[in-house]
Amino acid sequence: MKPHQIAIYFRRNGLYVQPSLPSSKGMQALDCVESVSDGWAGLPAALSRAEAFALAEAGKRPQARRFAGDTTLPDAAGCGSFGEFADGTTACILIRVPDYVLVMRSVGDAEKGVIYGTPRQDELPPDTPLDELARIARNAIEGRDGW
């Protein structure tokens, strides 16, 4: 499997899923935001769609990939800026590489208008199913199981 990242953002009871690919600038978000309309129950399907998009884009030449603009994610959430989006947002980041899946939690800082990572990182087997990753992401976002 090609390396990619899937970020799950929880903001004011809304879930947003955005894939990213590695680039010369680090992980770069793709022009795809899945707004999950059916809450936590819809997260596995949204992860699947985001991952399919990332893998399809990974198969393209870097110049042909559809990367997100600065307002792609805030626009999807109905926010005027990333700073507004960061206010009250908690996220779970899934980095998938051939050898493992790295799970991280991030929280928004309204004052600074950013989302930053927290210290805990879990490494899971590379073949961890998306249903299981969705369950772990929910726990991380809700601060359960030591997150």
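Me: Is Arg 49 buried, exposed or partly exposed?
Reply: This is a predicted model, and every value here is computed from it. Arg 49 has a relative accessible area of 42%. That makes Arg 49 partly exposed.

Me: Which residue forms a salt bridge with Arg 49?
Reply: The partner sits in strand β4, while Arg 49 is in helix α1. The pair links distant parts of the chain, 15 residues apart. The closest N and O atoms are 2.7 Å apart, and the partner is Glu 34.

Me: Is Glu 34 buried or exposed?
Reply: The cut-off for buried is under 20%. Glu 34 has 16% relative accessibility, so Glu 34 counts as buried.

Me: What distance does helix α1 reach from its first C-alpha to its last?
Reply: Helix α1 covers residues 43–58, which is 16 residues. At 1.5 Å a residue, 22 Å is expected. The model comes close to that, with a reach of 22 Å.

Me: What arc do the buried residues of α1 cover around the axis?
Reply: The buried residues of α1 include Leu 43, Leu 47, Ala 50, Phe 53, Ala 54 and Glu 57. They lie on the same side of α1, because the arc they cover is only 160°.

Me: Which helix is among the elements that cover the buried residues of α1?
Reply: Strands take part in the cover: β1, β2, β4 and β5 are included. A helix spanning 130–142 is included too, and that is α4.

Me: Which residue forms a salt bridge with Glu 57?
Reply: Glu 57 is buried, with a relative accessible area of 2%. The closest N and O atoms are 2.7 Å apart, and the partner is Lys 60.

Me: How many residues apart in sequence are the parts tied together by Asp 87 and Arg 12?
Reply: Asp 87 forms a salt bridge with Arg 12, with the closest N and O atoms 3.8 Å apart. Asp 87 lies in the loop between α3 and β5, and Arg 12 in the loop between β1 and β2, so the pair ties together parts whose separation in sequence is 75 residues.

Me: What phi does Arg 12 have?
Reply: Most residues other than glycine have a negative phi. Arg 12 counts as exposed, at 58% relative accessibility. Arg 12 is not a glycine, yet its phi is positive, about 50°.

Me: Where does Asp 145 lie?
Reply: Asp 145 is not a glycine, but has a positive phi of about 55°. At 54% relative accessibility, Asp 145 counts as exposed. Its place is the segment after α4.

Me: Which residue stands opposite Leu 102 in β7?
Reply: Strands β6 and β7 pair in the antiparallel sense over eight bridges. They form a hairpin with four residues between them, and Gly 113 in the turn has a positive phi of about 70°. Across from Leu 102 stands Glu 123.

Me: Is Gln 5 buried or exposed?
Reply: Gln 5 is in strand β1. Beyond its sequence neighbours, Gln 5 touches residues including Gln 18, Met 27, Ile 93 and Ile 95. Its relative accessibility is 13%, so Gln 5 counts as buried.

Me: How many Å apart in space are Gln 28 and Gly 69, C-alpha to C-alpha?
Reply: Gln 28 is found in strand β3. Gln 28 is partly exposed, with a relative accessible area of 22%. In sequence, Gln 28 and Gly 69 are 41 residues apart; in space, the separation is 9.9 Å.

Conventions:
Residues are numbered from 1 along each chain as its sequence is written. This is a predicted model: local features need pLDDT of at least 70, side-chain atom pairs count only at pLDDT 80 or more; totals for chains, interfaces and linings use all residues. Side-chain values use heavy atoms; hydrogens and water are left out. Helices (H or I, at least four residues) and strands (E, at least two) are DSSP runs, numbered from the N terminus. Buried means under 20% relative accessible area, exposed over 50%, partly exposed in between (1.4 Å probe, protein chains only). Two strands pair if DSSP finds at least two bridges between them. The expected span of a helix is 1.5 Å times one less than its number of residues. The arc is that of the directions from the helix axis to the C-beta atoms. Contact means heavy atoms within 4.5 Å. A salt bridge is a side-chain nitrogen of Lys or Arg within 4 Å of a carboxyl oxygen of Asp or Glu. Lists of a residue's contacts leave out its neighbours within four places in sequence.
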